[in-house]
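This report covers a chain-to-chain contact and a sheet. Begin with the structure itself.

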Amino acid sequence: MKTFAELGFPGRLVAVEGLDGSGKSTQIYLLKRWLEIQRLKVYFSEWNSSELVKSATSKGKKRELLTPTTFSLIHATDFADRYERHLVPLLRAGYIVLCDRYIFTAFARDVVRGCPPEWVRGLYSFAALPDLTFFFKADLEVSLQRILDGRPQLKYFEAGMDLRLSSDPYESFRIFQGRMLEQYLAMSTEFNFLVVDANQLVEKQQELVRELVAHRLNLDDFRRAERPSSPPTPAAPRKNRAKPNEVPE
Amino acid sequence: MKRVTPNHIVVPRRTPRRFYGHGIPGVDLDKLAGRLIVVEGADGSGRSTQIAMLVEWLEGSGHATVQVGLKRSTLVSEELEKAQEGNILSRTTLSLFYATDFADQLENIILPALKAGFIVLADRYIYTLMARDMVRGMDEAWLRNLYGIALEPDAVFYLNVPPEELVQRGFAKNAALDYWESGMDLGLSRDMFDSFMKYQDAMQQTFRKLQATYGFTIVDGMRSIEAINADLRKKISAVLAGH
């Protein structure tokens, strides 16, 4: 597997991974703001899947129709849809694409559900590797607290209830997240995760993230080309008309 | 004392089973007492006619049957239908969507039916899905891994009918050629007839390639319906006897 840079794409893909509640979404949002303010071509992939795939996925989840295999396949379908329709064209157009979760989420989640690791990796082998992958490593208790403090309604699959780990959704979620963390840690070296200590303050983490991005990417390559300002002539007929914010003489 | 009564019903002999690859987690292959029979072939090759006749015969012989086919899952069949109408999904996405449909039926229909001792008749299986994708340039190794979830059938029959005949049968049934069966998404030709011929030809070549790997039985689909069915019944009888 190769990164987008190794495949000769002009764009770069930056992914964040980590458990629910690790703060990765906050960090990628702040990274996006920083890049945008510098007027760079940046796109945050919000994982908008097409209506069709979304409809099948939500039906499967709502009606609890999914087995580990179909759960894995339907998410791979969803990922392929976003990959082919959004990510690849943007990366071809030279964007810095930021992804909140990438294939590693599937690697961890599907394997925890009992799918063979080689099979899952094979499914996703059409996807190139990110150019940078940040892994936000928080203590399990810290991330669990962040999620569970609000006593949210945990969804069936989100809590890993299909694994029959516990009949209590909160207990099931704890065990599930613990196993996810083990999987992430096991992948860390293999996929060159840039590990960020997510127990630190938001600002400290962001400082490190920005530093690494600036160091690893040549940000000047992603500057938006300035369009030439419109020529002064020929004068458009409208020019004589008063603009709304101008006081007519 | 062994006495065969006129209504003696053959109990299918057990033979070892395997998945093509990693399979489905947690399935005990030894518990799958039924038989899985696959009929493959292009649209117009006579698959559904043959399957209907086989069901008659098998049920008449005292076997319980279940039928499966492509795009029939509870999970994604509706969405797949729409995806085809609109032609809006990219190659890998559509491929994985079909695999999801297959996996859903495998786990929810095929495997439980086999466990219950049914004879499962599949109107196409992974081979059509693989051939379609291979013709569209997808990586064979990737497809083999994807469909490593599939159970190896007890018999696979490929009804072989040349494109010239398929097109005639198609027109005898419908006034127009089907967009997908003509491979129009491939841009082989803007002429639909040309495209159909080229596409079906490519599909047959791919099937022959797959036959080398998966070893299915090629059945001459140019004979009479009855002759083909008699041939299939003979071969299936041998499968049930454990040969």
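Two residues count as being in contact if their C-beta atoms, placed from the backbone, lie within 7 Å. The model is predicted.

**The contact between chains A and B**

The contact draws 28 residues from chain B and 27 residues from chain A. On the side of chain B that touches chain A, three helices each supply at least two residues: H2 (77–86), H3 (91–115) and H5 (140–146) of chain B. H3(B) gives the largest share of that side, with nine residues. By type, the residues of the side of chain B that touches chain A are 14 nonpolar, 10 polar and four charged.

**The sheet of chain A**

Chain A holds an open sheet of five strands. Their order is S2-S3-S1-S4-S5, and the pairing is parallel. Strands S2 (42–45) and S5 (194–197) of chain A are the edges, each pairing on one side only. From one strand to the next, the twist averages 20°.

Now take the pairing at S2(A). Four bridges join S2(A) to S3(A) (residues 96–100) in the parallel sense. Which residue of S3(A) is the bridge partner of A:Tyr43? The partner is A:Val97.

A helix also packs on this sheet: H1 (residues 24–37) of chain A. H1(A) touches S1, S2, S3 and S4 of chain A. The direction of H1(A) makes about 165° with that of S3(A).

The strands of chain A with their residue ranges:

| Strand | Residues |
|---|---|
| S1(A) | residues 12–18 |
| S2(A) | residues 42–45 |
| S3(A) | residues 96–100 |
| S4(A) | residues 132–137 |
| S5(A) | residues 194–197 |

Terms used:
Residues are numbered from 1 along each chain as its sequence is written. Chains are lettered from A and ligands numbered from 1 in the order in which they are written. This is a predicted model: local features need pLDDT of at least 70, side-chain atom pairs count only at pLDDT 80 or more; totals for chains, interfaces and linings use all residues. Ala, Val, Leu, Ile, Met, Phe, Trp, Tyr, Cys and Pro count as nonpolar, Asp, Glu, Lys and Arg as charged, and the others, Gly among them, as polar. Two strands pair if DSSP finds at least two bridges between them. Axes are lines fitted to C-alpha atoms, for helices over the stretch in contact, and angles run from 0 to 180 degrees between N-to-C directions.
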